[in-house]
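Here is a short briefing on one protein chain. Keep the structure in view and find each part as you read.

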Amino acid sequence: MIVVGKIETLREQLKALPRPLCLVPTMGALHEGHLALIREARRLAGPRGTVAVSIFVNPMQFDRADDLENYPRPLDEDIASCERTGVDLVFSPEAGQMYHADHSIVIRENRLSGLLCGASRPGHFAGVCTVVMKLFLLFRAEFAVFGKKDFQQLAIIRRMVRDLNVPVEIIGHPTIREPDGLAMSSRNVRLTSAQRADAPIIHRALAAAADLLKTGERNAEPILAAAKHHLGKSELLAIDYLSLVDAATLESVAMIHRPAILAAACFYGRVRLIDHMELSP
Ligand code: AMP
């Protein structure tokens, strides 16, 4: 496995690596969710293609300095996990490699980025789009795998690729969960033991509310009320948002006629967790 930090070295190495190349962009602190994406990348690249993982805690997508500072960075463990999972190349640049001091070009998506997570994290998706576009241009990957856990991010990246004719195929991978239902996240390690024990309530609340659909409920209001009631049983979390949105436009819906998403973001102290359920009428 090749590990590179410099863009020039990356360009050199890429010349010799076989195609197709499948890229898995991450911020590191790799868990089973990331490893599932890497395995999917191997399936897409084939045994003779190249699987590349980027590990970069992208400062541009953080809206809070404390979140950026406290983001876990176990780089040696991450490199070992990549090696074990059959990755061919890891790109883990310093921020100075990715951004010139006078960096002044930003990729901003203007329709989906202001909703949901974008409403509470100003500038977040511009940071995501800019770094992901830079990675696409550096790697010229045939495929890139993203987790559906960050469904808004996935929708925005698909939109960017569509609107800017980026020559890459985007693959979404289902959310990987802990046995108790909590969606795996690099931020889970920042929860106290009491918060960690409480956190599966997010998935349970969304799942319980989504079950109303099976009883024929199509109105957003009782579904949201059920999720809110369930989340209200936790004394440790604070809801950032709880929304029922159209799966394509991410706009709030009052009635479920088309595929929809019940999405939540919750704070445990300063740690913000997201999760969602897909609802199909
Ligand atoms: P991150 O390192 O959190 O930026 O995530 C890197 C990639 O892994 C993104 O495409 C995420 O959507 C994906 N990912 C993170 N957690 C999970 C999970 N629990 N299941 C599936 N994909 C995930």
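The crossing of α10 and α11 is right-handed. This is a predicted model.

**Helices α10 and α11**
- Helix α10 covers residues 201–211, and helix α11 covers residues 220–231.
- Their axes lie 8 Å apart, and the packing angle is about 150°.
- Because angles over 145 degrees count as roughly antiparallel, α10 is roughly antiparallel to α11.
- On the α10 side, the contact uses Ile201, Ile202, Arg204, Ala205, Ala208 and Ala209.
- On the α11 side, Ile223, Ala226, Ala227, His230 and Leu231 meet them.
- Sorted by class, this contact has nine nonpolar residues, one polar residue and one charged residue.

**Helices α7 and α8**
- Helix α7 runs over residues 124–139, and helix α8 over residues 151–163.
- Their axes come within 10 Å and cross at roughly 55°.
- The two helices are therefore oblique to each other.
- The crossing of α7 with α8 is right-handed.
- From α7, the contact takes Phe125, Val128, Cys129, Val132, Met133 and Phe136.
- From α8, it takes Gln152, Gln153, Ile156, Ile157, Met160 and Val161.
- By class, the contact of α7 with α8 has ten nonpolar and two polar residues, with no charged residues.

**Two domains**
- Domain 1 spans 2–173, and domain 2 spans 186–276.
- Taken over C-alpha atoms, the domain centres are 26 Å apart.
- How many residues does each domain bring to the contact? Domain 1 gives 24 residues, and domain 2 gives 19 residues.
- The size of an interface is often given as the accessible area lost when the parts come together.
- For domain 1 and domain 2, the buried area is about 1800 Å².
- Carbon and sulfur atoms account for 57% of that area.
- Arg64, Leu116 and Phe151 supply 30% of the area that domain 1 buries against domain 2. That is more than any other three residues.

**Backbone details**
- The peptide bond from Arg19 to Pro20 is cis, and its omega is near 0°.
- Look for Pro20 in the loop between α1 (7–16) and β2 (21–26).
- Ala29 is not a glycine, yet it has a positive phi of about 50°.
- Ala29 sits in the loop between β2 and α2 (32–45).

Technical notes
Residues numbered from 1 in each chain as written. Predicted model: local features only at pLDDT ≥ 70, side-chain atom pairs only at ≥ 80, totals over all residues. Heavy atoms only, no water. Axes fitted to C-alpha atoms, helices over the stretch in contact; angles between N-to-C directions. Helix = DSSP H or I, 4+ residues; strand = E, 2+ residues; numbered from the N terminus. Parallel < 35°, antiparallel > 145°, perpendicular 65-115°, else oblique. Left-handed = near helix turned anticlockwise from the far one by under 90°. Contact = heavy atoms within 4.5 Å. Nonpolar A, V, L, I, M, F, W, Y, C, P; charged D, E, K, R; others polar. Domains from an automatic or database assignment. Buried area = accessible area lost by both parts, 1.4 Å probe.
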